[in-house]
Amino acid sequence: MKKITMFIAILFMASLFLTGCTPPWEDDFTWPWDDAQDEDEDEDEDENEDDEDEDEDEDEDEDDDDDDDVTPPSVNGIDELISFYDEPQLLNYLDYFTGEKLQLLLDYLFVADVSEIPDESWSTTYLYETGVFNSGEYEDQKFYLLIMPCEGMCMGFPHYRITMNDQGEWTLFESYSSEWSDYLLDNYGQLFDHTNSIVIPQLEYPSEIYDADTGTSFDIVPSRDDELLADMAKYKIFDDQEVGDVYINRDNECAYARLPDGLAQQYTMQFDFATGETPVDEADIEYHGGSAGELFDITWSDGVKSEDYYSYKMPFGYGNCLNVKNDDYPLGMMEEIGTTGEGDSVYGFNWDQAQALQDLYNMVPQEYLGEDENGDSMFEEKPTYEEFLDGHPLFYWFDAYDRMIEFGRADYQPLAEMGKPVIYLYPESRSVVHVEVEPTDGITVSDPEYGRNGWTVLADPSGSLFNFSDRSVYPYLFWEGYSDEYVMNDEGFVVSSGEVYRFFYDKLAQLGLVEHEIDDFMEFWYPKFSYAPYYFISFLPQDEFEAIAPLTVTPKPDTVIRVYMDYVPLRAPIEVVEPEIVTPSRDGFTVIEWGGALHK
């Protein structure tokens with residue numbers, strides 16, 4: 001599972017100041033919420049007492065209701081540690097988050113009271129009752145699945161498996177829950193009264209499963225999915241003796257088995273014609289995206305064995321376990337171009353001008369090599385289109401479930417280094433702000449140091465940032481990293497070298513940047529536009545930027561403007577489609593980010 005987004009807790013930040021971490025602003029600086037907190041403390045104590053009385057009454061009512069309910073039949077029987085229900089039972093989480101736990105939940109959601117809790121499906125807490133312990137120290141206690149909301153652009157939702165005793169104490173089963181980091185322990189550790197690392201055999205699934213009917217094997221993906229299997233657009237492909245029914249999710253073409261409490265366990269399909277060889281390191285192959293690829297046992301129609309590496313997991317897009325193309329390319333567009341070592345046919349387009357081939361050819365990089373003795377720009381020689389086609393850039397193979405899977409040459413896929421993205425924070429008042437950014441291949445450089453869980457700073461409306469970890473002031477947060485899922489936008493602008501300076505000042509202003517941010521951008525990027533007569537310059541749509549480098553800011557900003565630039569040097573102008581730019585408004589707490597692609 002991708003690392004879950006961490007949230008700021010007020011008590012943690014206050015402790016930094018108690019240990020001498022004083023911001024460099026005036027000595028009489030006070031937290032914006034100090035006065036409100038003092039006024040509310042007495043009221044909160046009274047309300048908590050009333051809540052406890054009400055909770056006792058509600059618990060009695062719930063016990064009566066439980067006596068009338070028929071316990072759903074268990075999946076694994078009474079001889080197992082836990083009798084799991086056939087389907088998880090959704091509960092009202094506010095019946096269980098009471099007293100101190102309710103206050104912790106409100107802090108987690110950054111709201112003042114229950115009436116402000118968001119009701120959107122993606123930002124709501126879900127609590128499911130999933131079974132009952134049959135034996136052991138938790139005998140007769142119920143087993144629960146808690147799924148917490150994730151603020152901002154997240155790659156999953158934290159899930160926790162817990163039980164509760166008669167005293168209302170919660171025990172977290174660490175081995176079967178999302179990472180409960182030191183940061184979360186410091187801030188929300190009181191949410192779980194106890195932790196336990198017991199082994200629950202029913203949640204321990206095999207590392208490999210096998211479809212005997214098709215001869216297809218699947219390997220377990222150690223990080224578990226945070227989604228209930230019932231919520232997926234799934235279809236069953238086979239029944240495994242150990243894990244039961246195995247499905248493919250139509251939304252992402254990943255394979256899943258159902259865990260006893262309803263969550264999905266992901267598996268990845270093995271290819272019987274994969275040799276198991278992958279590049280030892282990047283020096284073994286010049287690749288530009290997806291992954292460094294794998295070597296497959298293929299003999300092309302001319303009798304030559306394939307010696308190139310191919311990638312099949314997300315080489316050109318986002319969110320797919322496999323690139324399944326049945327709906328895009330009818331078999332009538334294909335012809336057999338080779339066979340696998342297992343005797344299966346592999347296919348390619350029967351027309352060399354197919355759009356997929358042209359699109360991939362346009363992505364083949366042409367690296368700038370510097371200037372020759374006459375001062376003329378030199379570029380890496382790009383293969384001709386005929387040479388490109390001769391190298392079998394794409395092939396297609398049908399798996400046992402009649403899915404046509406696309407394989408692309410790994411060395412033709414774009415890997416972009418994200419060059420000096422910087423993040424500016426402009427809150428409406430001085431505020432503690434927590435920032436996380438997660439490029440798909442990680443952060444390589446940061447200033448201030450990114451740390452284990454991101455940056456935590458005291459942000460001033462002027463843009464000045466006091467970083468708690470090194471007690472220094474910064475104008476912005478700087479990072480660099482890699483993404484293996486980046487695809488250059490094909491809409492953009494052709495600009496002559498003499499017009500680049502004015503172009504950036506005009507376009508960046510249209511995109512929402514102000515003068516000092518544009519100056520910072522130009523200081524880094526403008527020197528790189530001095531060696532070619534023309535440039536193709538594009539800006540990645542903000543939603544696509546967020547897909548390859550999710551940004552999470554807490555508290556949630558009112559305005560987020562992310563600008564990501566890419567460019568290609570040109571010998572001569574080309575015809576392109578220019579995008580329409582709509583200038584955003586900078587309202588409320590505003591976050592600005594700019595960066596660009598440094599192709600390798």
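Does Tyr396 count as buried or exposed, and at what relative accessibility? At 0% relative accessibility, Tyr396 counts as buried, where buried means under 20% relative accessible area, exposed over 50%, and partly exposed in between, using a 1.4 Å probe and protein chains only.

The model here is predicted, so local features need a pLDDT of at least 70 and side-chain atom pairs count only at pLDDT 80 or more, while totals for chains, interfaces and linings use all residues. Residues are numbered from 1 along each chain as its sequence is written, and side-chain values use heavy atoms, with hydrogens and water left out.

Start with the overall picture. The chain has 600 residues, and 49% of them count as buried. As for confidence, the chain averages a pLDDT of 78, and 73% of the residues score at least 70; pLDDT is the predictor's confidence in each residue, from 0 to 100. Where pLDDT is low, the predicted coordinates should not be read in detail.

Now for the rings. The structure holds 55 aromatic pairs. Rings of Phe, Tyr and Trp (its six-membered ring) pair if their centres lie within 6.5 Å; planes under 30 degrees apart count as stacked, over 60 as edge-to-face, and the rest as tilted. Tyr329 and Phe349 have ring centres 5.0 Å apart and planes at 80 degrees, so they pair edge-to-face. Tyr329 sits in the loop between β15 (309–311) and β16 (334–340) and Phe349 in strand β17 (residues 345–349), so this pair ties together parts 20 residues apart in sequence. Phe349 is buried, with a relative accessible area of 11%, and Tyr329 is buried too. Phe349 also pairs edge-to-face with Tyr396, because their ring centres lie 5.4 Å apart with planes at 80 degrees. Tyr396 belongs to strand β20 (residues 394–398), so its pairing with Phe349 in β17 links parts 47 residues apart in sequence.

Elsewhere, one aromatic cluster includes Phe493, Trp525, Tyr567 and Trp594.

Note on methods:
Helix = DSSP H or I, 4+ residues; strand = E, 2+ residues; numbered from the N terminus.
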